[in-house]
Amino acid sequence: MEAKKTPKADLTKKTGMFLNLGLMISVGLVLFAFEYKSYGDGLLKDLGSINDDFEELLDIPITEQPPPPPPPIEQPEIKEIPDEIEIEEKIEVNFDVDVQEETVIKEVVIADAPVVEKADEIFDVVENMPTPPGGMEGWNKYLQKNLKYPTQARRMGIEGTVYVVFVVNTDGSIQDVDILRGIGGGCDEEAMRVVREAPAWEPGRQRGRPVRVKMRLPIRFKLS
């Protein structure tokens, strides 16, 4: 058999009421705790005025030292000479100069300093250039008679102008023969040979005396 409770003995009906009542009491205690103010019984102490021993700050002005005065300028002492003092010194002028009309003053001629020339100096240009025997016409005849066309140059068809440089000494002899510009094929060697074996030239002259002169001459090779 099941036992049934009477409605009066059932406490579950009042559970909500007790829960709400407990929440209200808790909230009221919390608010009372925050709003409650407590005051201490301690008395305020009178600290009174504080006497400080700090030194008063003095406003020290900035002092500027004036610059030292400039040294005194010494003025030169000007001595005045009276105008009344006369110069007693006398200057004697002698005009007794015997000038004769026949007196002739020689003209001073300044001669040029002698030019010192070195004996072995070689000139490129002089007052009188060296010349071959018979002039340039005689030189062309000499070349036509003595110049031989090299076989190698003839076979290879080489032709052109060879420039020869050499020195004509004071006695007219020829030395230091060299090629300034050649064409090859044996023509350079033939041009040097014919110049080296040439007869003596008329030497060049500078200030009337014979000097050594460097010459440059063209020798033309042309196939006929």
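G186 sits in the loop that links β3 (174-181) to α4 (187-196). In this predicted model, G186 counts as partly exposed because its relative accessibility is 26%, a value that falls between the 20% and 50% cut-offs.

- Although G186 and A153 are 33 residues apart along the chain, their C-alpha atoms are separated by 6.4 Å.

**N169, a loop residue**
- Have a look next at the loop between β2 (160-168) and β3, where N169 is found.
- Is N169 buried or exposed? N169 counts as buried because its relative accessibility is 11%, and the cut-off for buried is under 20%.
- The side chain of N169 makes a polar contact of 3.1 Å with the side chain of Q175.
- Leaving aside residues up to four places away in sequence, N169 touches Q175, P203, V211 and R212.

**The largest pocket**
- The largest pocket holds about 260 Å³ of space.
- Its lining is made up of 13 residues, and those closest to the centre of the pocket are N140, L143, Q144, L147 and R220.
- Which elements each supply at least two residues of this lining? They are α2 (135-146) and β5 (209-221).
- By residue class, the lining of the largest pocket comprises nine nonpolar, two polar and two charged residues.

Methods
Residues are numbered from 1 along each chain as its sequence is written. This is a predicted model: local features need pLDDT of at least 70, side-chain atom pairs count only at pLDDT 80 or more; totals for chains, interfaces and linings use all residues. Side-chain values use heavy atoms; hydrogens and water are left out. On a 1 Å grid over the protein atoms alone, a cavity is a set of points where a 1.4 Å probe fits but cannot get out, and a pocket is an open set with protein on both sides within 12 Å along at least five of seven lines; lining residues have an atom within 4 Å of a point. Grid points are joined across faces, edges and corners, and a volume is the space filled by probe spheres set on the points. Helices (H or I, at least four residues) and strands (E, at least two) are DSSP runs, numbered from the N terminus. Ala, Val, Leu, Ile, Met, Phe, Trp, Tyr, Cys and Pro count as nonpolar, Asp, Glu, Lys and Arg as charged, and the others, Gly among them, as polar. Buried means under 20% relative accessible area, exposed over 50%, partly exposed in between (1.4 Å probe, protein chains only). A polar contact is a pair of N or O atoms within 3.5 Å; within protein, one must be able to donate a hydrogen and the other to accept it, and residues adjacent in sequence count only if both atoms are side-chain atoms. Contact means heavy atoms within 4.5 Å.
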